[in-house]
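Please walk me through this structure.

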Amino acid sequence: MTVFLSTLSQMTFLLLLILIGYTLTKLKAIPHDTERTLSRLENMVFVPALVLGTFMQNFTIEKINVAWQYLLGGFAVGAISIPAAIFLSRRCSKDGYIQKIFTYGLSFSNFGFMGNAVVMAIFPDIFMEYLIFVLPLWMLIYLWGVPVLLIPNDGQKKGIKDRLRSFVNPMMIATLIGMILGLIAPPLPAFFSSAVTTLGNCMSPIAMLLTGMTIAKIDLKSTFTNLSIYAVSLLRLLAYPLVFILLCMVLKLPHGLAVCTVCSVAMPLGLNTIIVPNAYGRDTSVAAGMSLISHLLSCISIPLVFTLFDLLVA
């Protein structure tokens, strides 16, 4: 019960921030391009600062000795999730485009914005390990998820060089710099460390506000009457975590590795299925509905999942 209540408290806090972003957008109390501005700040400043500060403070020689376990775990999650997502999405919709949206949502949860916020709040001691764990999932997103499932190819296939260019982004650069600074531990000015910490602390609240602003543009009537959205959301929030909890039990994974595994699959459906297709003029109503329903349900599902995890694994 303690785990449930503490997790529920954090999820309620995050939901409150989502509701604030939703309300401000609905009331038109903020400029119409606020969502785009915050998204850029999140991806170019706040997330890189959070990653940079975490690795600066925690990445050591001792951490390298176990990092391979977390990297391997991340690849294993992707190797299991993606084939299952392809199989299940074909049974949730007959439309080819919607199938791709469902495939992406079932392959990759919101392990970034929402996952970072949840792990920081509930499991702060293993936050760096979590960032290492999800690196393979980011790689799969850059190499396959976004270019194959979310970006219209118009008959043209992207080469491997084009896909590799996506790795040159602020988050990956911050990861590498943070690893180097963590290993050599140079004396850094106090103002620099304070700036990195302060900017990193903005990641979670801004991400939740951005989520609320994004789902505020959804047609609620069509969303709440689309049964396939509920099916995919429940698969994402309950079926996937239960399967991986059982795997953690059978394989007897170390606690930190087990936590990262469950966290990476228990989060709601991500926002990339809205942001990326929208940039190409595609219909995002189903993707936005998935985001809304799954984020609402996750306020209960995540506390339930971690309560079960605590009983069976921890």
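Leucine 246 sits in helix 12. Helices here are DSSP runs of H or I with at least four residues, while strands are runs of E with at least two, and numbering starts at the N terminus. Leu246 belongs to a nonpolar patch on the surface, together with Ile80, Val243, Leu247, Met249, Val250, Leu251, Leu311 and Leu312. Together these residues have about 840 Å² of accessible area. Such areas come from the Shrake-Rupley method with a 1.4 Å probe, and for residues only the protein chains shown count as cover. A patch takes residues with over 30% relative accessible area and no salt bridge; nonpolar side chains (Val, Leu, Ile, Met, Phe, Trp, Tyr) are joined within 5 Å, and like charges within 9 Å. Helix 12 (227-251) gives the largest share of the patch, six residues. Helix 12 and helix 15 (285-312) each supply at least two.

A word on the model itself. It is predicted, so local features need pLDDT of at least 70 and side-chain atom pairs count only at pLDDT 80 or more, whereas totals for chains, interfaces and linings use all residues. Residues are numbered from 1 along each chain as its sequence is written, and side-chain values use heavy atoms, with hydrogens and water left out. pLDDT is the predictor's confidence in each residue, from 0 to 100. The protein has a mean pLDDT of 87, and 95% of its residues reach 70 or more. Among its elements, helix 13 (residues 255-266) has the highest mean, 95. Helix 7 (residues 160-165) has the lowest, 69.

Val313 is partly exposed, with a relative accessible area of 23%. The scale is simple: buried means under 20% relative accessible area, exposed over 50%, and partly exposed in between (1.4 Å probe, protein chains only). Beyond residues up to four places away in sequence, Val313 touches Ile245, Cys248, Met249, Ala258 and Leu308. Contact means heavy atoms within 4.5 Å. Val313 and Leu253 are 60 residues apart along the chain, yet their C-alpha atoms are separated by 8.8 Å.

Now go inside. In soluble globular proteins, nonpolar side chains tend to be buried together. A nonpolar core is a set of buried Ala, Val, Leu, Ile, Met, Phe, Trp, Tyr and Cys residues joined through side-chain atoms within 4.5 Å. The largest one here has 92 residues. Those with the most contacts inside it are Phe111, Met114, Trp138, Ile141, Val262, Met290 and Phe306. Helix 6 (residues 127-150) contributes the largest share of this core, 15 residues. Apart from it lies another core of five residues, including Leu52, Met56, Ala174 and Val196.

Ile141 touches Tyr104, Phe108, Phe111, Val146, Pro147 and Asn272, leaving out residues up to four places away in sequence. Methionine 139 is also found in helix 6. Met139 is partly exposed, at 31% relative accessible area. With residues up to four places away set aside, Met139 touches Phe75 and Phe167. Met139 and Phe167 are 28 residues apart in sequence and 7.8 Å apart in space, C-alpha to C-alpha.

Helix 15 holds serine 291. At 0% relative accessibility, Ser291 counts as buried.

Next, charge. Side chains of opposite charge can pair when their charged atoms come close. A salt bridge is a side-chain nitrogen of Lys or Arg within 4 Å of a carboxyl oxygen of Asp or Glu. The structure holds one. Glu129 pairs with Lys63, and their closest N and O atoms are 2.6 Å apart. Glu129 lies in helix 6 and Lys63 in helix 3 (residues 61-92), so the pair ties together parts that are 66 residues apart in sequence. Glu129 is buried, at 8% relative accessibility, while Lys63 is partly exposed, at 24%.

Last, the backbone. Most residues other than glycine have a negative phi. Lysine 28 has a positive phi of about 55°. Lys28 is placed in the loop between helix 1 (2-26) and helix 2 (34-58). Alanine 185 has a positive phi of about 45°. Ala185 is in the loop between helix 8 (170-184) and helix 9 (190-201). Lys28 is exposed, at 73%, and Ala185 is exposed, at 57%.
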